[in-house]
Amino acid sequence: EDYLRILRYLRFYTQYSKHKHENETIKAIKKNLKELFKISKERILDELFKILDLKNFYNLFKNEFTCFIILSIFPQFKYYDRLNIFGKISNHLLTKFDKALLFSVLLIDSSDNSKFFLYKYNLSNKIKKRILFIQDNFRKKIFKDLFDKKKLIKIAYLHGIQSTIDLLIFSIFIERDIDLNLIEKQINFLENFEIPIFPIEANYLISQHGFSESIELGIALKKLKEFWINHDFQIDKKEIKKILKLK
């Protein structure tokens, strides 16, 4: 009557059951599985969210039948094996793990797998933005930079603290021999870190170096900011003429 019951069965089984699946249930689900796709994607996604909210949701992939069903419905969840590390993660790190990160772990690779899933299902713009940011940096392979304090600060400045924390947590699932204590240390550092403020304003260049409100002023500020970022957020105002090659 309501094919969404297939997903509800997965949720209830994962949450409560310690028994094997009944043969009649297996037959009924397999027989009607294709009918599930007649239901709106919004309702399917809503039920998926309820499954992902379970504290033991990753057990879904440990059971042969429930894993088969979830992958039949969401074939883009190719990387569920990455979730095996959950048992080693501290409660503190687990509190940082949410749906955006979970989708990232399940979906992201070097292909357009995650983009196809995001195209197919109407996730919030906030979640999409976070997944696509991780996807972009997965291709750039910047994860080793996260363990260099200077590079970490640069990434946090350019992309924001939350985005940088997302990369750190995602790295747990894709990097071999990851140091979980170091991950926690880097996250704690970021959570207490104040983003540096660029110390040179347009008015300073106008009053002290004869700039006017123009494209050249914007170019000069951009060049000075790049110098400041690339020199560990340090700049001496006495160097401005040299940096900008002013007379």
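This is a predicted model: local features need pLDDT of at least 70, side-chain atom pairs count only at pLDDT 80 or more; totals for chains, interfaces and linings use all residues.

Entry 1: I started with Asp-177, which has its place in the loop between H10 and H11. Helices here are DSSP runs of H or I with at least four residues, strands are runs of E with at least two, and both are numbered from the N terminus. Phi of Asp-177 is near 50°, a positive value in a residue other than glycine. Most residues other than glycine have a negative phi. Is Asp-177 buried or exposed? Asp-177 is exposed, with a relative accessible area of 80%. My cut-offs: buried is under 20% relative accessible area, exposed is over 50%, and partly exposed is in between, with a 1.4 Å probe and protein chains only.

I found another such case in Asp-232, where phi is near 55°, again positive in a residue other than glycine. Asp-232 sits in the loop between H13 and helix H14 (240–244). At 37% relative accessibility, Asp-232 counts as partly exposed.

**Entry 2: ground rules.** Residues are numbered from 1 along each chain as its sequence is written, and side-chain values use heavy atoms, with hydrogens and water left out.

**Entry 3: the whole thing.** I looked up the secondary structure and got 14 helices and 0 strands. Then I checked the overall dimensions. The C-alpha atoms fill a box of roughly 85 × 40 × 25 Å along the principal axes. A compact globule of 247 residues would have a radius of gyration near 18 Å, but this protein has 24 Å. That radius is taken over C-alpha atoms, and the globule rule is 2.2 Å times the number of residues to the power 0.38.

Of the 247 residues, 43% count as buried. The protein exposes about 14900 Å², and carbon and sulfur atoms supply 50% of it. Those areas come from the Shrake-Rupley method with a 1.4 Å probe; for residues, only the protein chains shown count as cover. I also looked at contacts (heavy atoms within 4.5 Å). Among those between residues at least 6 apart in sequence, 68% join residues at least 24 apart.

**Entry 4: helix H10.** Next I picked H10 (residues 161–174), whose 14 residues should span 20 Å at 1.5 Å a residue; the end C-alpha atoms are 20 Å apart, which agrees. The expected span is 1.5 Å times one less than the number of residues. How many of the 14 residues of H10 are buried? I got 11, so H10 is largely enclosed by the rest of the structure. Among them are Ile-165, Asp-166, Leu-168 and Phe-170. The cover over the buried residues of H10 includes helix H5 (91–94), helix H6 (99–107), helix H8 (125–140), helix H9 (149–159) and H11.

Entry 5: Arg-11 is buried, with a relative accessible area of 13%. Leaving aside neighbours within four places in sequence, Arg-11 is in contact with Glu-47, Lys-50, Ile-51 and Leu-54.

Tyr-9 also lies in helix H1, but Tyr-9 is partly exposed, at 21%. Not counting residues up to four places away, Tyr-9 touches His-21, Thr-25, Ile-29 and Phe-65. The C-alpha atoms of Tyr-9 and Thr-66 are 57 residues apart along the chain and separated by 9.2 Å.

**Entry 6: rings.** I counted up 24 aromatic pairs. Rings of Phe, Tyr and Trp (its six-membered ring) pair if their centres lie within 6.5 Å; planes under 30 degrees apart are stacked, over 60 edge-to-face, and the rest tilted. Phe-74 and Phe-77 are stacked, 5.1 Å centre to centre with 20° between the planes. Phe-74 is buried at 0% relative accessibility, and Phe-77 is buried at 1%.

Phe-198 and Trp-228 are tilted, at 5.2 Å and 55°. Phe-198 is in the loop between helix H11 (180–191) and helix H12 (202–209) and Trp-228 is in helix H13 (residues 215–230), so the pair ties together parts 30 residues apart in sequence. Both residues, Phe-198 and Trp-228, are buried.
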